[in-house]
Amino acid sequence: MELVAGCYEQVLFGFAVHPEPEADGHHEKWAPVADFTHHAHTASLSAVAVNSRFVVTGSKDETIHIYDMKKKVDHGALMHHNGTITCLKFHGNRHLISGAEDGLICVWDAKRWECLKSIRAHKGHVTFLSIHPSGKLALSVGTDKTLRTWNLVEGRSAFIKNIKQNAHIVEWSPKGEKYVVVILNRIDVYHLDTASVSGTITNERRVSSVTFLSESILAVAGDEEVVRVFDCDSLTCLSEFKAHENRVKGMFSFETPEHHVLVTASSDGFIKMWKLKQDKKVSPSLLCEVNTNARLTCLGVWLDRGTDTKESPPAAAEPAPVSKEQSRSNKEESGHAIQEEERQTKPDAEKCSLTGDNNKPTKGNSLVSAKKRKTVEMSEKKRKKKKI
């Protein structure tokens, strides 16, 4: 496995982790070894996502960079957004979804790296998105103070919910029966069947990252050194532990045959791996840590698997019911959003088309090699200077 983390200093770090067997045969201590540092972007990294082969990074330089973990090579860049890339999510090995400050959500074919759909998602920035385990629905939040549900099969808006404040995180549970919406230090728990808030969790500080440890257990990190574990049903804090010396910026959880692991990354430069106990009221034990000496901003874990080992998706998920009044307003807004989307996607179709072969890219291609990307950036800067 490989820990990957981006930072303000424009670098993506990779650390290969190898379990160290102890005398009793158990792997209680793991050894991280520096594997690579990849300086792909020209601004700080803002998002990272992984699938079974690739790591993709988003940045304030408005590009998405692709790194082939099998071959350990730069695979090029996707250039479609006009704004900081705020969120990246893979669904399986075939699709990548990106969101940015330009208000767009883009659906990418992760085999040919072709932009399949460009959706005008929010009137402001897209701040976060999450894909339902079935792959049929996605949730997004933005600076237009809305929570939006997307039908990914048809690539259109399903319904819109006004939430009165700007949410900055939304996350589905592993089975997709519930989701959480984070506004500052408040975590609202929603159930899919009602689409209404079933309870609220309040953290001490502004929440910076959340990850589900099970269908009802949620790990929460904020602008502080502590990680807390909450039960989303009883809304109680089961445990908390000091993870870092500075605020925690990202978390990632996964399971191996032997362990349930939580990985944390902090502004203090450390990436740490924690062994979670079966009883979540007991604080986890430290498996390993590594100091990057950088201000970390985002985190991912690449697991070297031949195939995606996620659980089989549940039956087709349907959007939760809404009231007639809400449905009417949603239809009007979603209709407007679809019209905007159609107007947006017509010119964008050329912009994101891509042959997928190794020929010289034609004008408007999304996938650009590192050298060509630099050339494009230089020409863009010259063009902007002329305009000024």
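Colleague: What makes Val 229, Phe 230 and Asp 231 contacts of Thr 236?

Modeller: The word contact means heavy atoms within 4.5 Å. Leaving aside neighbours within four places in sequence, Thr 236 meets that rule with Val 229, Phe 230 and Asp 231. Residues are numbered from 1 along each chain as its sequence is written, and side-chain values use heavy atoms, with hydrogens and water left out.

Colleague: Why is Thr 236 called partly exposed?

Modeller: Buried means under 20% relative accessible area, exposed means over 50%, and partly exposed is in between, with a 1.4 Å probe and protein chains only. Thr 236 has 36% relative accessibility, so it counts as partly exposed. This residue lies in strand β23, residues 236-242. Helices (H or I, at least four residues) and strands (E, at least two) are DSSP runs, numbered from the N terminus.

Colleague: And what makes Lys 281 exposed?

Modeller: Its relative accessibility is 59%, so Lys 281 counts as exposed. Lys 281 is placed in the loop between β26 (270-275) and β27 (285-291). Apart from residues up to four places away in sequence, Lys 281 touches Leu 238 and Ser 239. Lys 281 and Ser 239 are 42 residues apart along the chain, yet their C-alpha atoms are separated by 5.0 Å.

Colleague: Is Ser 44 buried or exposed, and how do you know?

Modeller: Ser 44 is called buried because its relative accessible area is 11%. Ser 44 is in the loop between β3 (29-38) and β4 (45-50). Leaving aside neighbours within four places in sequence, its contacts include Cys 7, Tyr 8 and Gln 10.

Colleague: How do you know that Cys 7 is in no disulfide?

Modeller: In general, a disulfide is a covalent bond between the sulfur atoms of two cysteines. The rule here asks for a pair of cysteine sulfur atoms within 2.5 Å. For Cys 7, the nearest cysteine sulfur is that of Cys 298, 8.3 Å away. That is too far for a bond. By this rule the count comes to zero disulfides.

Colleague: Are Cys 7 and Cys 298 buried or exposed?

Modeller: Cys 7 has a relative accessible area of 0%, so it is buried. Cys 298, at 7%, is buried as well.

Colleague: What makes Lys 272 a charge over the ring of Phe 270?

Modeller: A charge sits over a ring if NZ of Lys or CZ of Arg is within 6 Å of the ring centre and within 35 degrees of the ring normal. The charged end of Lys 272 is 5.7 Å from the centre of the Phe 270 ring and sits over it.

Colleague: Where is the pLDDT below 50?

Modeller: The protein averages a pLDDT of 81, and 76% of the residues score at least 70. Over residues 306-365 the pLDDT is below 50, although this stretch has 83 contacts in the model beyond near neighbours in sequence. Where pLDDT is low, the predicted coordinates should not be read in detail.

How values were computed: This is a predicted model: local features need pLDDT of at least 70, side-chain atom pairs count only at pLDDT 80 or more; totals for chains, interfaces and linings use all residues. pLDDT is the predictor's confidence in each residue, from 0 to 100.
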